[in-house]
Every structure is written in structure tokens, then in C-alpha cells.
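Colleague: Could you walk me through this one? I would like to go over it piece by piece.

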Amino acid sequence: MLINRNRLDEADRKLEKLASISPGAYASARGFRTSVGGKWADRVLAGLDALRIDPETEFWQRDLTKPFAAIGLAKEALAISEVPRPDVLRVLGRPEDAVTTAQARLAEDPISLTARRNLGLALTGAGDYVRARPILEEMWQQSGGRVTLTGLFRVDDAAALIAIRRDAGAVIEVNKLVAAIKDNVRRYRGAGITRSKLQFSVDYEEGLAAYLAGEHKKGVALIAKGAEDGYFIMPREAYLQALYDHPGFAPIRASQDARQKRERDRFLAIVCTDNPYAAFWQPEEGTCERFAAAGGV
């Protein structure tokens with residue numbers, strides 16, 4: 001939360017206290033700090049540092065999946081954890097696979113609200129609004145009509161349900177959701193939260209609310225600011241198609257693609273030459289060969 005508030009010096013001091021208490025947690029948390037500004041490779045390197053310290057801790061493996069996906073290493077993202085996560089498959093631009101995985105997760109734990117939420121979001125991302133709507137409407141009711149940073153109903157759920165309701169012609173109901181996103185942004189701002197990270201950006205959320213309210217120029221400008229500050233925008237979500245199609249989004253996508261390649265190359269330059277993690281982790285077959293063929297080494 002100190003990082004979210006851009007109080008980085010204080011965050012550094014807290015991190016140093018953590019180092020002697022829990023070296024694995026310190027290594028992982030250090031990645032959140034050093035990756036500020038879109039240095040996504042630092043999140044991966046920090047996760048591997050944590051795994052080196054606590055190799056039997058499954059949490060560090062799961063924690064690596066999304067950073068691996070963000071830098072475009074799909075094989076590594078899927079191999080590091082036994083069961084792929086629906087949100088990781090969405091980061092990889094595979095919404096149909098996200099649906100399949102979410103359905104399997106819900107079948108394993110049919111009373112899990114989190115599993116239901118993940119399925120609703122995956123279905124919307126794949127364009128299946130009919131099946132997604134009752135699930136997301138349920139999450140909206142369970143949340144008490146609020147959008148929050150964590151929990152059952154977040155900004156992506158709200159954007160998904162907005163697309164569903166708009167498609168059904170429920171304009172008044174759309175306005176309630178936009179207002180809920182804006183209310184959440186006001187709470188962020190009131191708490192001094194300003195920074196963007198790989199999986200969170202107050203600028204992106206404010207921009208998305210503006211865009212969905214029809215303020216396209218303002219919305220795209222704020223979304224661009226969040227992306228430039230390091231937020232990862234999902235690449236292939238059906239409910240965001242109108243945003244993708246906006247002319248102002250093309251430079252945002254190009255910039256994100258360039259950052260993804262830059263961070264992937266930065267990471268592979270380390271692990272494909274003299275891999276410091278070779279004792280417990282290796283890049284997947286072909287990764288380093290492709291990197292070399294592309295002129296990386």
C-alpha cells in the first residue's frame with residue numbers, strides 16, 4: 001500500500017525490516033518495489049529469487065504465473081504451476097481456454113464464489129454474454145453494488161457487466177455501474193493511492209470509467225497514463241472491443257507490446273546466458289533458441 005501511494009522511501013524501509021523475518025517474502029515483495037514503472041522482468045526475477053529461498057512453497061510458483069504471462073512467456077507461465085489460472089490465460093490472450101479452465105475450477109468447488117466470479121469474467125471475455133450475465137449480476141448483488149480493489153466485484157467485472165447490460169439495452173443499469181467505478185476511484189484518490197503496477201492502476205480505472213461514460217478522449221488519455229506507468233491491459237477481451245477499436249488505443253497497444261518484448265528480452269538475457277536459477281528452474285524448451293534467433297544473444 002505504501003507503493004500504491006508512491007511513498008517509495010517508506011516502502012524501502014519496511015522491506016528492509018522484512019528481510020530478516022522472512023527472506024522469501026522479502027524477495028517477492030522486493031519485486032513489487034523494483035518493478036514500479038513497468039519493469040515487469042523484475043517481478044519475474046524476484047519471484048524466482050523467492051522460489052530459490054523457499055523451493056517447496058507453492059505460493060511462489062503461483063505468484064510467478066502472471067508476471068511470466070505479462071512478458072509473453074506462455075510456456076513458462078503454464079509450466080511453473082500445475083493448474084493454469086483463468087486470469088493468466090486471459091493475460092495470454094486465450095479467453096476460450098480461460099473459460100475451459102474456469103469451468104473446471106468451478107466443477108471442483110461448486111460453492112466457491114471466487115470460482116463463479118472467474119467463470120463469469122472468462123465467459124464475458126470470450127463474448128458469451130448470455131451465460132455470463134447471471135453470474136456477474138449475482139456478484140454485483142453480493143458486493144452490495146460496490147466496486148472494490150479486491151473481492152468479488154472489481155473494475156474488470158464492472159466493465160464486463162456494463163458491456164452485457166449495454167448489449168441488452170439496459171442503459172440506466174449501465175449508469176449505476178459507471179457510477180460505482182467512479183466512486184471507487186474517489187476512494188483511491190482520497191486514500192492517496194496514485195501509482196500503477198502490473199495488475200492495478202487507479203489511472204486506468206478512472207480512464208475506463210470515463211471512456212464507458214462516453215468521455216472517450218479523457219478516458220483514453222488516462223488509460224494511456226496507467227499503461228505507461230506499468231499497468232498491463234488485457235489483450236483480447238470481448239467486452240473491451242469498443243476500446244480496442246478506438247483510434248487512440250492503437251498507440252497504447254503498440255507501447256504495451258514494445259514493453260512486453262523489452263522486458264522479455266531483459267529477462268531472457270539473464271537466464272539464457274548464465275542462468276542463476278539453473279539449480280531449480282530452466283526456461284522451457286526452445287525459448288532461448290528463439291531468443292537467440294531474434295538477435296537477443
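**Aromatic pairs and other contacts**

Modeller: Tyr188 and Phe200 are both buried. Keep in mind that this is a predicted model.

Colleague: What do Tyr188 and Phe200 form?

Modeller: They form an edge-to-face aromatic pair, with 5.2 Å centre to centre and 80° between the planes. Tyr188 is in helix α11 (residues 171-190) and Phe200 is in strand β2, so the pair ties together parts that are 12 residues apart in sequence.

Colleague: How many aromatic pairs are there in the whole structure?

Modeller: A search of the whole structure gives 10 aromatic pairs. One of them is Phe68 with Phe267, which is edge-to-face at 5.9 Å centre to centre, with 80° between the planes. Here Phe68 belongs to helix α4 (residues 58-70) and Phe267 to helix α15, so this pair ties together parts that are 199 residues apart in sequence.

Colleague: Phe68, buried or exposed? And Phe267?

Modeller: Phe68 counts as buried because its relative accessibility is 0%. Phe267 is buried too, with a relative accessible area of 0%.

Colleague: New topic, charges over rings. What sits over the ring of Phe32?

Modeller: The charged end of Arg43 does, 4.0 Å from the centre of the Phe32 ring. There is also Arg253, which lies over the face of Tyr244 at 4.8 Å from the ring centre.

Colleague: Let's do a helix. How many residues does α13 have, and how far does it reach?

Modeller: Helix α13 (residues 216-228) has 13 residues. From first C-alpha to last, α13 reaches 18 Å, close to the 18 Å expected at 1.5 Å a residue.

Colleague: Which residues of α13 are buried?

Modeller: Gly219, Val220, Leu222, Ile223, Gly226 and Ala227 are the buried ones. They lie on the same side of α13, because they cover an arc of only 165° around the axis.

Colleague: And what is on the other side of α13?

Modeller: Lys217 and Ala221 are there, and they are exposed.

Colleague: What covers the buried residues of α13?

Modeller: The cover includes two strands, β1 (196-197) and β2 (200-201). It also includes the helices α12 (202-212), α14 (241-245) and α15.

Colleague: Which residue has a positive phi although it is not a glycine?

Modeller: Asn6 does, with a phi of about 60°. Asn6 is placed in the segment before α1 (8-21). Its relative accessibility is 38%, so Asn6 counts as partly exposed.

Colleague: Disulfides next. How many are there?

Modeller: The count is one disulfide. Cys272 and Cys288 form it, and their sulfur atoms are 2.0 Å apart. The link is left-handed, with -80° about the S-S bond.

Colleague: Where do Cys272 and Cys288 lie?

Modeller: Cys272 is in the loop between α15 (249-271) and α16 (287-293), while Cys288 is in helix α16, so the pair ties together parts that are 16 residues apart in sequence.

Colleague: Why does Cys272 count as buried?

Modeller: Because its relative accessibility is 18%, and buried means under 20%.

Colleague: Now Asp54. Where is it?

Modeller: Asp54 is in the loop between α3 (40-53) and α4. With a relative accessible area of 27%, Asp54 is partly exposed.

Colleague: What does Asp54 touch, leaving out residues up to four places away in sequence?

Modeller: Gly24 and Trp60, on that count. As for Ala27, it is 27 residues from Asp54 along the chain, and the C-alpha atoms of the two are separated by 10 Å.

Colleague: Last one, Thr101. Which helix does it lie in?

Modeller: Thr101 lies in helix α7 (residues 95-108). Thr101 counts as buried because its relative accessibility is 13%.

Colleague: And which residues does Thr101 touch, with the sequence neighbours up to four places away left out?

Modeller: Thr101 touches Pro84, Arg85, Pro86 and Leu89.

Notes. Residues numbered from 1 in each chain as written. Predicted model: local features only at pLDDT ≥ 70, side-chain atom pairs only at ≥ 80, totals over all residues. Heavy atoms only, no water. Helix = DSSP H or I, 4+ residues; strand = E, 2+ residues; numbered from the N terminus. Buried < 20%, exposed > 50% of the residue type's maximum accessible area, 1.4 Å probe, protein only. Disulfide = S-S within 2.5 Å. Contact = heavy atoms within 4.5 Å. Expected span 1.5 Å × (residues − 1). Arc of directions from axis to C-beta. Phe/Tyr/Trp six-rings, centres within 6.5 Å; stacked < 30°, edge-to-face > 60°. Lys NZ or Arg CZ within 6 Å of the ring centre and 35° of its normal.
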